[in-house]
Amino acid sequence: LTNLDGAGLEATLAEASIALSTPVLLESLITPLLHKIGEGWRRGSLRVAHEHMTTGVVRSLLGNLRKSGSVPSTAPELVVAAPAGQRHELGALMVAVAAASDGWKVTYLGADLPAADIAAAARKRNARAVALSIVHPVDDPGLPGEIELLGSALEDDTVLLAGGNGAGAYSAALAAAGGRIIDDIPTLRDELQALRAP
């Protein structure tokens with residue numbers, strides 16, 4: 001990472017993805033790596049180029065992991081997105097990978113998506129839950145309205161979940177929309193397991 005060796009980072013993460021289970025890879029390697037990048041960038045020890053290179057490598061790895069598993073046709077459906085104004089998608093990708101590895105069918109919509117489009121996808125896919133990744137900005141004046149619109153547009157039995165470093169800044173809007181804040185990947189996995197229970 002510090003030497004901007006993208007191929008080396010890619011090879012290391014690929015080896016780790018073979019040696020580690022998906023939950024351990026996400027919780028013990030990818031999450032701490034992304035936190036260290038953010039800290040290094042804030043301290044000035046890493047440049048934007050380091051962050052962009054790492055993000056690209058991690059995005060590629062997560063995309064491959066998301067496509068690698070197979071789930072039964074009867075599995076519950078999860079729609080994953082970052083809402084309007086949220087352009088950081090790695091958290092959403094991590095959620096998609098974690099859910100798929102736990103046997104959920106995942107419809108991944110990407111970043112910066114309007115509430116109406118997320119709700120339409122959830123209805124079309126008959127989603128049991130919608131997961132939002134909220135990272136930055138934490139002071140978007142339009143996002144509370146988007147969250148509330150999403151909550152009102154979802155089917156009554158579709159659960160709204162939100163996580164990411166910025167989710168807490170929108171806790172009032174999430175509560176008004178009937179949503180729950182998820183603190184980390186292990187909590188997400190527990191929540192999804194509970195949603196599968198009869």
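This is a predicted model: local features need pLDDT of at least 70, side-chain atom pairs count only at pLDDT 80 or more; totals for chains, interfaces and linings use all residues.

Biologist: Okay, so which residues is Glu 89 in contact with, leaving aside its neighbours within four places in sequence?

Modeller: Arg 59, Tyr 108, Gly 110 and Ala 111. Glu 89 itself sits in the loop between strand 1 (77-83) and helix 4. Helices (H or I, at least four residues) and strands (E, at least two) are DSSP runs, numbered from the N terminus.

Biologist: What makes the Glu 89 and Arg 59 side chains a polar contact?

Modeller: A polar contact is a pair of N or O atoms within 3.5 Å; within protein, one must be able to donate a hydrogen and the other to accept it, and residues adjacent in sequence count only if both atoms are side-chain atoms. The two side chains make theirs at 2.8 Å.

Biologist: Why is His 50 called buried?

Modeller: Buried means under 20% relative accessible area, exposed over 50%, partly exposed in between (1.4 Å probe, protein chains only). His 50 has 8% relative accessibility, so it counts as buried. His 50 is in helix 3, and its side chain reaches the backbone nitrogen of Arg 47 at 2.8 Å.

Biologist: How do you know that helix 3 and helix 4 are roughly parallel?

Modeller: Axes are lines fitted to C-alpha atoms, for helices over the stretch in contact, and angles run from 0 to 180 degrees between N-to-C directions. Angles under 35 degrees count as roughly parallel, over 145 as roughly antiparallel, 65 to 115 as roughly perpendicular and the rest as oblique. Helix 3 (residues 48-68) and helix 4 (residues 90-101) pack at about 25 degrees, axes 9 Å apart, so they're roughly parallel.

Biologist: And what makes helix 2 and helix 4 roughly antiparallel?

Modeller: Helix 2 (residues 22-43) packs against helix 4 at about 170 degrees, with the axes 10 Å apart. Roughly antiparallel is therefore the label for this pair. Among the residues that meet there are Leu 26 and Ile 30 in helix 2, and Met 94 and Val 97 in helix 4.

Technical notes:
Residues are numbered from 1 along each chain as its sequence is written. Side-chain values use heavy atoms; hydrogens and water are left out. Contact means heavy atoms within 4.5 Å.
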